[in-house]
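Work through the exercises below with the sequence and the coordinates at hand. Each task is followed by a solution in steps.

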Amino acid sequence: MTVIKKAKNTDVVKIKSLLHQYVQKGIILDRSENEIIEELDRFYIAEKNGIVTGTVSYHDYGSSLKEIRSLVVNEANQKSGTGKLLIKKVISDILTNNSDAKIFTLTYVPEFFKRLNFHVVDKDTLPEKIWKDCNNCDHKDSCGETALVYSRDL
């Protein structure tokens, strides 16, 4: 059974290792161990039989805007529902603390997020993201990611 829980200091190296697999493929942005440690309170892990099988985090732009990011599930556990469990947990925690927060993500797999009540938006509607990460990204002029926003109404 997969359990979703807040990450701890002992999970940092495991999170970094999971992320690295997808950084190498150009799917997600790299996160240093220091960045993971600094944002550890916003990282979650999926654990199955004592093994970390997935992770997700969110970036806090303030009470009204949150970005889901760094979602990865190891290859052996993809299509098992682990990603869905991670997303549901992070959304639940965000809305518990900030019920009016706008929650968004940028992804290469928009269909996954659409099944979880996200809808496509123009990236220009997320200027905070553009200034934080996109302007410094190697792919900023040819980005293939899709921006999506979570909808509580679906």
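**Exercise 1.** Locate Y108 in this predicted model and say which surface patch it belongs to.

Solution. Step 1: Y108 sits in the loop between β5 (102-107) and α4 (110-114). Step 2: its relative accessibility is 37%, so Y108 counts as partly exposed. Step 3: together with I27 and V109, Y108 makes up a nonpolar patch on the surface. The accessible area of these three residues together is about 250 Å².

**Exercise 2.** Give the order of helices and strands along the protein chain, and state what share of its residues is buried.

Solution. Step 1: the protein chain contains five helices and seven strands. Step 2: read from the N terminus, the elements follow the order β-α-α-β-β-β-α-β-α-β-α-β. Step 3: the protein chain has 154 residues, and 45% of them count as buried. Step 4: the accessible surface comes to about 8,400 Å², with 49% of it belonging to carbon and sulfur atoms. Step 5: take the contacts between residues at least 6 apart in sequence; 65% of these join residues at least 24 apart.

**Exercise 3.** Carry out the analysis for the salt bridge between E75 and K25.

Solution. Step 1: the closest N and O atoms of E75 and K25 are 2.9 Å apart. Step 2: E75 is in the loop between β4 (65-73) and α3, and K25 is in the loop between α1 (12-24) and α2 (33-38), so the pair ties together parts 50 residues apart in sequence. Step 3: E75 is exposed, at 53% relative accessible area, while K25 is partly exposed, at 48%.

**Exercise 4.** How many residues apart are D93 and K89, and in which helix do they lie?

Solution. Step 1: both D93 and K89 are in helix α3, four residues apart, which is about one turn of the helix. Step 2: their side chains meet in a salt bridge of 3.1 Å, N to O. Step 3: D93 is buried, with 18% relative accessible area. K89 has 30% relative accessibility and counts as partly exposed.

**Exercise 5.** E39 is buried yet has no salt bridge; which side chain of opposite charge is nearest, and how far away is it?

Solution. Step 1: E39 lies in the loop between α2 and β2. Step 2: the nearest side chain of opposite charge is R42, 4.1 Å away. Step 3: a salt bridge needs the nitrogen within 4 Å of a carboxyl oxygen, and E39 has none. Step 4: leaving aside residues up to four places away in sequence, E39 touches H59 and R69. Step 5: R69 is linked with R31, E35 and E67 in a network of salt bridges.

**Exercise 6.** Examine the positive phi values of S70 and K79, and compare where the two residues sit.

Solution. Step 1: most residues other than glycine have a negative phi. Step 2: phi of S70 is near 55°, and phi of K79 is near 65°. Both values are positive in a residue other than glycine. Step 3: S70 is in strand β4 and is buried, with a relative accessible area of 6%. Step 4: K79 is in the loop between β4 and α3 and is exposed, at 89% relative accessibility.

Key
Residues are numbered from 1 along each chain as its sequence is written. This is a predicted model: local features need pLDDT of at least 70, side-chain atom pairs count only at pLDDT 80 or more; totals for chains, interfaces and linings use all residues. Side-chain values use heavy atoms; hydrogens and water are left out. Helices (H or I, at least four residues) and strands (E, at least two) are DSSP runs, numbered from the N terminus. Buried means under 20% relative accessible area, exposed over 50%, partly exposed in between (1.4 Å probe, protein chains only). Patches are made of residues with over 30% relative accessible area and no salt bridge: like charges are joined within 9 Å, nonpolar side chains (Val, Leu, Ile, Met, Phe, Trp, Tyr) within 5 Å. Accessible areas come from the Shrake-Rupley method with a 1.4 Å probe; for residues, only the protein chains shown count as cover. Lys and Arg count as positive and Asp and Glu as negative; His and the chain ends are not counted. Contact means heavy atoms within 4.5 Å.
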